[in-house]
Amino acid sequence: MSKIDLKNAIDYRNLGDDFKGMTNEDIMQALDQRRGYMITALQNLTHDFNKATAVRNHNAFSGREIVFLNPENPMDPENEEGAKKWNKTGAVGAQHYEHISHHKITDYQNLFDQWHAEGYTIYAVDNTPGYELYNVFETVLPEKSVFLFGEEQIGLADELIQAADAMIYIPQTGSVRSLNVSVAHGIIAALYTAQHPVPEAPAE
């Protein structure tokens with residue numbers, strides 16, 4: 001005998017059954033009751049796909065907040081979203097349930113100071129030569145961790161790497177130098193959650 005609730009059957013949002021029929025605000029509040037401490041910061045991402053996928057990853061692993069560090073748009077310098085607004089389609093609605101903020105890239109030190117004051121460790125995620133690198137598979141990650149990712153082609157700015165507490169990398173055995181930034185983000189988020197599981201309590 002079917003147990004489908006007719007009120008939920010018309011909810012076509014990409015949601016687990018526990019969240020069907022809830023408002024976006026109620027979903028965010030339910031998630032806030034069980035979020036972990038993970039913070040994601042992404043520098044100068046230009047591809048909509050990577051921005052949307054990072055938001056979707058962050059939702060999947062119940063991160064605390066996701067921060068976009070954006071280049072200034074000289075034609076609209078007061079717009080914190082920077083030089084390019086993003087197409088949210090790829091986030092499949094996850095942007096409605098996540099704490100997302102936009103900041104000018106030049107404001108990064110204020111954010112780093114705030115996170116350090118809250119007891120966070122800031123990890124640059126990259127494989128840039130010339131820096132001391134730590135294999136993420138062998139790293140014990142603090143519960144209060146910030147993961148900082150760079151733009152798609154040139155990676156993280158040296159200033160941000162130097163301001164971070166350490167650099168971690170994802171070991172690879174193939175021929176390509178790096179992973180897509182949204183893929184790397186998903187891997188790091190999953191590895192962090194394996195060390196600091198988030199309760200899977202159903203929404204009320």
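Phenylalanine 61 counts as partly exposed, at 26% relative accessibility (partly exposed lies between buried, under 20% relative accessible area, and exposed, over 50%, with a 1.4 Å probe and protein chains only). The model is a predicted one, where local features need pLDDT of at least 70 and side-chain atom pairs count only at pLDDT 80 or more, while totals for chains, interfaces and linings use all residues. Residues are numbered from 1 along each chain as its sequence is written, and side-chain values use heavy atoms, with hydrogens and water left out.

Phenylalanine 61 sits in the loop between H3 and E2 (helices are DSSP runs of H or I with at least four residues, strands are runs of E with at least two, and both are numbered from the N terminus). Leaving aside residues up to four places away in sequence, phenylalanine 61 touches Met38, Gly186, Ala189, Ala190, Thr193 and Val198 (a contact means heavy atoms within 4.5 Å). Arginine 35 is 26 residues away from phenylalanine 61 along the chain, yet their C-alpha atoms are separated by 8.4 Å.

Zooming out, the chain holds six helices and seven strands. Read from the N terminus, the order of elements is α-α-β-α-β-β-α-β-β-β-α-β-α. The chain has 204 residues, and 46% of them count as buried. Take the contacts between residues at least 6 apart in sequence: 77% of these join residues at least 24 apart.

Asn50, Lys51, Ala52, Thr53, Ala54, Val55, Asn57 and His58 are the buried residues of H3. These buried residues pack against E1, E2, strand E3 (100-104) and H6.

Most residues other than glycine have a negative phi. Asparagine 44, in the loop between strand E1 (39-43) and helix H3 (48-60), has a positive phi near 55 degrees. Asparagine 44 counts as buried, at 14% relative accessibility. Serine 62 also has a positive phi, of about 55 degrees, although it is not a glycine. Serine 62 is found in the loop between H3 and strand E2 (65-70), and at 13% relative accessibility serine 62 counts as buried.

Helix H6 (residues 181-195) has 15 residues and reaches 21 Å from its first C-alpha to its last, close to the 21 Å expected. The buried residues of H6 include Val181, Ala184, Gly186, Ile188 and Tyr192. The buried part of H6 packs against E1, H3, strand E4 (121-125), strand E6 (145-149) and strand E7 (166-169).

Finally, there is the second largest pocket, with about 410 Å³ of space. Val125, Asp126, Asn127, Ser178 and Leu179 are the closest to its centre among the 23 residues that line the pocket (on a 1 Å grid over the protein atoms alone, a pocket is an open set of points where a 1.4 Å probe fits, with protein on both sides within 12 Å along at least five of seven lines, and lining residues have an atom within 4 Å of a point).

Conventions:
Expected span 1.5 Å × (residues − 1). Points joined across faces, edges and corners; volume = space filled by probe spheres on them.
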